[in-house]
Amino acid sequence: MTRAKEYKYKKNWFKNNLVAIPAGVCGNCSACVFRNALAYCKNMACTYYDGENDFIESVYWRGVQTHASVSMWPELRNFFDTTPAPKIREISNDIMTKSVLEKIQKTR
């Protein structure tokens, strides 16, 4: 289980605006909000791997509210343009992991 982390950057922005949806081994990139925004997609974590149990799960990201496209979502562009890519990956990895672990617990 991941430990609570302190983030200099707005982790709550993710929690309030993006949701990680577990989608099995192959994922579902066509449903992801970042499907047409490769520059932002590269910064996101979307594959969970548990080496002990050889368990793989992918997620796709969607907005809490409906947005026509990432380019029309100024808060998202601002967040990605002002937060370093490694921090975005770290935050998204943490949220993705929690989402996958919640799914695992529900299916047991």
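In which strand is Ile 56 found? Ile 56 is found in strand E3, where strands (E, at least two residues) and helices (H or I, at least four) are DSSP runs numbered from the N terminus. The structure is a predicted model, in which local features need pLDDT of at least 70 and side-chain atom pairs count only at pLDDT 80 or more, while totals for chains, interfaces and linings use all residues. Residues are numbered from 1 along each chain as its sequence is written, and side-chain values use heavy atoms, with hydrogens and water left out.

The protein chain holds four helices and three strands, and from the N terminus on its elements follow the order α-β-α-β-β-α-α. Of its 108 residues, 37% are buried; buried means under 20% relative accessible area, exposed over 50%, and partly exposed in between (1.4 Å probe, protein chains only). The accessible surface of the chain comes to about 7100 Å², of which 50% belongs to carbon and sulfur atoms; accessible areas come from the Shrake-Rupley method with a 1.4 Å probe, and for residues only the protein chains shown count as cover. Among contacts (heavy atoms within 4.5 Å) between residues at least 6 apart in sequence, 81% join residues at least 24 apart.

The largest nonpolar core has 27 residues, and those with the most contacts inside it are Phe 14, Leu 18, Phe 34, Trp 61, Leu 76 and Phe 80. Two or more residues of this core come from each of helix H1 (11–17), strand E1 (18–22), strand E3 (55–63), helix H3 (74–82) and helix H4 (85–107). H4 gives the largest share, seven residues. A nonpolar core is here a set of buried Ala, Val, Leu, Ile, Met, Phe, Trp, Tyr and Cys residues joined through side-chain atoms within 4.5 Å.

Helix H3 contains Leu 76, which is buried, with a relative accessible area of 0%. Leaving aside neighbours within four places in sequence, Leu 76 is in contact with Trp 13, Leu 18, Phe 34, Tyr 40 and Val 70. The C-alpha atoms of Leu 76 and Asn 17 are separated by 8.5 Å, although the two are 59 residues apart along the chain. The buried residues of H3 are Leu 76, Phe 79 and Phe 80. Seen down the axis of H3, these buried residues fall within an arc of 90 degrees, so they line one face of the helix; the arc is that of the directions from the helix axis to the C-beta atoms. On the other side of H3, Asp 81 and Thr 82 are exposed.

The count of salt bridges comes to three, a salt bridge being a side-chain nitrogen of Lys or Arg within 4 Å of a carboxyl oxygen of Asp or Glu. In one of them Glu 57 pairs with Lys 103, the closest N and O atoms being 3.0 Å apart. This pair links distant parts of the chain, with Glu 57 in strand E3 and Lys 103 in helix H4, 46 residues apart. Glu 57 counts as buried at 4% relative accessibility, whereas Lys 103 counts as partly exposed at 32%. Asp 94 and Lys 98 also form a salt bridge (3.4 Å, N to O); both lie in helix H4, four residues apart, about one turn of the helix. Asp 94 counts as buried at 2% relative accessibility, and Lys 98 as partly exposed at 31%.
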